[in-house]
Amino acid sequence: MVAYSDTKGNNFIVTDTKNALNPALIAPLDGTPRYLTLADRIAAAVEDGRLAVGEQLPPVRELAWALGIGVGAVARAYRIGTSRGHLEATVGRGTFVRGVARPRYAIEALIDTAAPDNIDLRGNQAVDVGQDADIGAALARILDRHGGAPPLLGYRRREDDMDLIEILADWLREGGVPADAERLLVTSGAQAGVIACLASLARGGSGIVLATPTLHPGLIDGGRTIGVRFEAVSVDDEGPLPDAFEAAIERFRPDAAQFSATLHNPTLALMGPERRRAIAEIARRHSLPIVEDDVYGRLIRPRPESFASLMPELCWYVTSFSKCVAAGLRAGFILTPPGRTTVTLRAYQAIAHQTPWIVKALAAELVRGGEAMAIEQRVIAETAERATLTARILARHGVRTHVNASFAWLPLAEGWTAAEFVATAADAGVLVPPPAIYSVTRGIQPFTRLAIGGRCTRSSLEEGLRRLERVLAEGPHPAEFAT
């Protein structure tokens with residue numbers, strides 16, 4: 001039994017379930033709305049250690065009584081703490097301290113398992129257009145060709161698979177990239193490829209890489225892992241501003257820049273031809289390498305000119321099958337500048353050792369058999385339908401879409417905090433990622449990115465979008481929780 005006084009001076013007794021209420025939780029709440037003040041208090045207490053990892057928080061009603069506020073305010077604060085990564089809730093056990101605000105690896109927020117009754121709009125990948133049958137047919141041909149015993153027992157050298165690499169170089173050239181098999185590396189996806197490129201360019205874990213204010217969380221995680229520090233360059237709707245890019249080069253003396261010029265994730269920025277040429281000219285003038293992540297390039301017709309074409313001597317070009325064929329293949333590609341293939345391969349081997357033969361063989365077989373091109377066409381058509389659907393349902397809320405993009409950018413109206421929107425969407429049965437996982441710098445306006453392909457059917461996507469539209473139309477309700 002523990003005695004407390006509420007904020008109005010009333011005395012009462014709370015039955016303590018397991019532990020005395022942590023003093024870090026029960027000081028008066030001066031802020032409005034109080035649920036957000038409490039969520040911020042929990043965050044601060046976790047970060048400075050007053051709430052220990054693994055510590056159980058009090059039941060909602062117990063803490064509400066101790067603070068003299070409504071149970072709804074405490075429940076919402078707990079949900080925000082969960083969405084921020086501080087807390088985790090276990091049905092039947094309660095709410096526990098998980099750790100720091102951002103998970104150690106930000107990409108966890110995109111790939112953790114969703115409850116089956118939720119509509120998951122987090123993970124972004126090529127939409128399901130029946131690829132399984134095509135991939136299965138290609139795999140059957142490979143097994144038949146090798147008498148049912150593919151060469152998977154030993155490590156392989158790059159030169160052992162040059163026949164496969166030649167086919168994949170043809171696929172890149174057909175898509176408008178000036179690929180040369182002698183400069184092409186096959187990787188386990190684009191993310192590993194980008195990180196390997198940065199590792200080969202950064203100064204032994206002390207390098208600086210210029211980037212946009214937001215990046216895919218996997219790249220942020222990867223950069224942190226290899227010791228790279230990202231510095232943000234100011235942007236507009238086309239991406240990095242030339243003057244800001246040059247000023248950042250002169251200020252930071254970076255080792256490289258990492259840009260996604262075509263449908264930047266998460267903002268959908270698309271560099272026009274003049275901007276691309278301006279950025280390439282500045283990079284060339286300063287001898288600055290650019291690592292170009294171009295996983296969406298094949299989905300656009302006509303394909304925008306890549307930095308690999310504009311500045312081949314300084315561009316490390318990275319792409320993959322993940323957005324145009326199938327993410328689960330883990331088939332990615334690095335096209336290096338002339339003379340830089342071996343050093344880049346060594347960096348990649350340090351990260352992944354080697355790409356499995358079956359990945360290279362299956363990717364090449366899909367290209368050789370025509371399935372890759374056929375899948376790509378179906379993905380383009382279905383993605384356009386979903387982008388159009390998204391634009392129609394969320395148009396009045398400022399959603400940004402592109403007919404060739406499998407994701408959308410949704411700015412949040414004034415009054416929403418990012419964490420509150422994520423929690424409210426989850427209450428409506430829709431999972432969206434928190435913007436913090438994309439942030440390279442502070443001060444970014446609240447937003448979320450909606451993955452409109454991949455994990456859901458078109459009908460479930462439509463239902464999820466309509467639920468989000470209702471959430472946005474109702475707006476935040478701070479008064480309800482400021483009791």
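This report describes the overall build of a predicted protein model, one of its pockets, and a few individual residues.

The model is predicted, so local features need pLDDT of at least 70 and side-chain atom pairs count only at pLDDT 80 or more, while totals for chains, interfaces and linings use all residues. Residues are numbered from 1 along each chain as its sequence is written, and side-chain values use heavy atoms, with hydrogens and water left out.

**Overall build**

The protein has 17 helices and 17 strands. Helices (H or I, at least four residues) and strands (E, at least two) are DSSP runs, numbered from the N terminus. The C-alpha trace spans about 80 × 55 × 45 Å along the principal axes of the protein. A compact globule of 483 residues would have a radius of gyration near 23 Å, and the 25 Å of the protein agrees with this. That radius is taken over C-alpha atoms, and the globule rule is 2.2 Å times the number of residues to the power 0.38.

Of the 483 residues, 54% count as buried. Buried means under 20% relative accessible area, exposed means over 50%, and partly exposed lies in between (1.4 Å probe, protein chains only). The accessible surface comes to about 20,500 Å², and carbon and sulfur atoms hold 52% of that surface. Accessible areas come from the Shrake-Rupley method with a 1.4 Å probe; for residues, only the protein chains shown count as cover. Among contacts (heavy atoms within 4.5 Å) between residues at least 6 apart in sequence, 72% join residues at least 24 apart.

**The second largest pocket**

On a 1 Å grid over the protein atoms alone, a pocket is an open set of points where a 1.4 Å probe fits, with protein on both sides within 12 Å along at least five of seven lines; lining residues have an atom within 4 Å of a point. The second largest pocket holds about 560 Å³ of space, a volume being the space filled by probe spheres set on the grid points, which are joined across faces, edges and corners.

Its lining has 25 residues, and Ile107, Asn124, Gln191, His216 and Lys323 lie nearest the centre. Helix 4 (108-111) and helix 7 (190-201) each supply at least two lining residues. Helix 7 gives the largest share, 3 residues. By class, the lining has 10 nonpolar, 10 polar and 5 charged residues. Ala, Val, Leu, Ile, Met, Phe, Trp, Tyr, Cys and Pro count as nonpolar, Asp, Glu, Lys and Arg as charged, and the others, Gly among them, as polar.

**Backbone details**

Most residues other than glycine have a negative phi, and most peptide bonds are trans.

| Cis peptide bond | Omega |
|---|---|
| Asn265 to Pro266 | near 25 degrees |
| Arg301 to Pro302 | near -10 degrees |

Pro266 is in the loop between strand 11 (256-259) and helix 10 (273-285). Leu263 also lies in the loop between strand 11 and helix 10. The phi of Leu263 is positive, near 55 degrees, and Leu263 is buried because its relative accessible area is 0%. Ser287, in the loop between helix 10 and strand 12, likewise has a positive phi near 55 degrees. Ser287 is exposed, with a relative accessible area of 54%. Pro302 is in the loop between strand 12 (290-293) and helix 11 (307-310).

**Two helix residues**

Ala352 belongs to helix 12 (residues 341-352) and is partly exposed, at 26% relative accessible area. Asp243, in helix 9 (residues 242-252), is exposed at 67%.
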